[in-house]
Structures are given as structure tokens and as C-alpha cells.
Amino acid sequence: MPSNASPDDAQKGARLSAALASSIGMGTGVGLFVASITFFIKPLYAEFGWTRSAIAAASAVGFTSALTAPFMGMLVDRYGARRVAFAGVGVMLAGYLALASMTGWIWNYYLITLFLSVAGPAVGAMTFTKVVVGWFERNRGLMIGITMSGVSLVTIFTAPALQYVIAHWGWRAGYGFLAAVTCGIGFPIILAFLFEKRSVRKPQRAHAPDAALSLRPVFRDPRFWLLVLSAFAANIPIGGMALQLQPLLTDKAIDGQSAALMASVFGVSVVASRLGAGVLLDRFWAPGVAFATLVLPAIGILLLVGQQHSLAVTA
């Protein structure tokens, strides 16, 4: 029988499918690796004697992704988000297998982290937000918020499971679990549903010169550097706190599984914040929204400084 679906229905279905795939792709990509580092700090210390500061130093290596981001963007523009995401899944799989095979040489850990930081963003925000931006014009801020919430949404479910795997089978099995999440959940969804809108994936050559934006004026614009500085200043403290969250909670006499559940609650709050921020960005002055959404995390970090168990839970 012929399909009764109208072209508008098909377009709507493709749009929603792309948004779903982008959110899940974000959640099972490089963001999942970054969000899970905190669960491996104490096990790696117990296994190899690496200090927390030495393990946390790997996060500094992660900033190399900022240097390679323009090249990743060029790859997405040239080959399309779908192909880049496929390559990114392979990168994550190789990285997790390498992490699971580590020995006591900490530079091995740094090199693997460097590899994931440089190539892992293929399954990161740049790839998936481009898909969403291409499909949505109305409520674009909300849809970007949904996409960026993918990491937190996936973490809600993976954090307790990852803690259980590490507690019962060790940290090497933990990296195997992350590889299974990326390849068993992320890859099939990307394969089935991640498609760019045709006008975005294959722009007409006649309009390419008009659409091309020279980077030189961008680099000369002080607003660009203000955005870079703002993003850097916002991500350093919040990222550092998230990296050490599990050890900080267990140091306050909170057992590992309860701390993992708190990480899930943290993920819920991040999802709510990003969705709310997405709605607000569509309606209000963006710098004001950014300021408001950074106040509560700052208060939470201050609460973590206290020694009381109740303050840690509140934070």
C-alpha cells in the first residue's frame, strides 16, 4: 500500500531522528570518556600508585583539542558529519582498548589521552551540533541544548553501571564497558539516524564563495577572543570539579555506589540546566543567560570545600 505520510511528515521525522542521533552520539562519544575519568582515579592510584594530581594532569593534555578543533571543523565540512562520526567511533574504540591495556608507565596514559583529545572530538559537539543547526531554524537554541545534554543524559544511566563494573571486575573491565556503550549503543544509532539536511551536507557550488567566511576577520574581532576567554574561564573550574567528583565524595565517607548515584543526579541537573538554557537563549540576552547558569555551579563548588557530609550531598 502507498504511504500516507506527507513530505512534511517525512521531513519532521528525519529532523527528530537526526536530533536523537546527535544527542545519543554526543553521549556515547568523547564526552563519555571525559565524564568517566573521575571513576578511574582511585583504581589507577591503587593499581599503579599514580597520584590524583598526576592523573588530573591528563586533563591539561585534553586542551590540545582546542588547537585541533578548526581542523576537525574542516573535516566535518569536507566529508560530512556522518563520515566523521563513524571515524570517531573507531577512534574511541581504539582508545578504550589501549587504556584497558595500560601498564604502570603514566606517559602511556598521557599519550592515549592526547590521542583521544585530538581525534575524539570527531564524536563531539562540533560534529553533532552542525547536524542539528542544519535541521532546525526555530527553537535552535533548545535543540542545541538537547544535543549538548546527551553526555549528561547517558551518564545518568552509565555512572552507576560503570561503578558496579569497576567494583566487581576492575578498572580494565570499566574501559571495556565504555567501549561497549560507544560501539553497542552510539554506533548503531549514528548509523541508522544521523543524516545531515541536504542543503547543509551538499551546498551548491554557486553559493559557496558567498557562504565562505575568512578566518582572518574572525581572529581580529575582539568578541571572538572574549568568547574564547569566557569559555576557558568557565570550563576550567567546573571541569576540574567534575573530574575529581567521585574521589571528593568518597573522601567524605560516601560509598562508591552512592557517589555514582550522585553523579547520576548531577547528570540530571546538567540536562535540566542545558534544556532550560536552550529555551532561555531563544528568548533572552545570551550573556545574561550564561552568567545566570554559572552562578549555581559556583555555589556548588564552594559547598564542596566544606567537610560536612550534608554539604557534599547538597553541592
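## The enclosed space

When the whole structure is searched, one cavity of 30 Å³ or more is found, a cavity being a set of points, on a 1 Å grid over the protein atoms alone, where a 1.4 Å probe fits but cannot get out. The structure is a predicted model, in which local features need pLDDT of at least 70 and side-chain atom pairs count only at pLDDT 80 or more, while totals for chains, interfaces and linings use all residues. Residues are numbered from 1 along each chain as its sequence is written, and side-chain values use heavy atoms, with hydrogens and water left out.

The largest cavity has a volume of about 40 Å³, where volume is the space filled by probe spheres set on the grid points, which are joined across faces, edges and corners. Its lining, made of residues that have an atom within 4 Å of a point, includes Leu-32, Phe-39, Thr-155 and Leu-162. Helix 10 (150-169) and helix 2 (30-36) each supply at least two residues of this lining, and the largest share, four residues, comes from helix 10; helices here are DSSP runs (H or I, at least four residues), numbered from the N terminus.

## Confidence

The mean pLDDT, the predictor's confidence in each residue from 0 to 100, is 77 for the protein, and 70% of its residues reach 70 or more. Confidence is highest in helix 11 (residues 171-193), at a mean of 94, and lowest in helix 13 (residues 208-211), at 43. Over residues 200-212 the pLDDT is below 50, and beyond near neighbours in sequence this stretch has three contacts in the model, a contact meaning heavy atoms within 4.5 Å. Where pLDDT is low, the predicted coordinates should not be read in detail.

## The nonpolar core

The largest nonpolar core has 54 residues, and those with the most contacts inside it include Phe-40, Leu-44, Leu-99 and Tyr-175. Such a core is a set of buried Ala, Val, Leu, Ile, Met, Phe, Trp, Tyr and Cys residues joined through side-chain atoms within 4.5 Å, and buried means under 20% relative accessible area, with a 1.4 Å probe and protein chains only. Helix 6 (residues 81-100) gives the most to this core, with nine residues. Not counting residues up to four places away in sequence, Leu-99 touches Phe-33, Tyr-109, Ile-112, Leu-116, Trp-171 and Tyr-175.

## A buried alanine

Ala-277 is found in helix 17 (residues 256-281) and counts as buried because its relative accessibility is 15%. Leaving aside neighbours within four places in sequence, Ala-277 is in contact with Val-289 and Thr-293.

Terms used. Buried means under 20% relative accessible area, exposed over 50%, partly exposed in between (1.4 Å probe, protein chains only). On a 1 Å grid over the protein atoms alone, a cavity is a set of points where a 1.4 Å probe fits but cannot get out, and a pocket is an open set with protein on both sides within 12 Å along at least five of seven lines; lining residues have an atom within 4 Å of a point.
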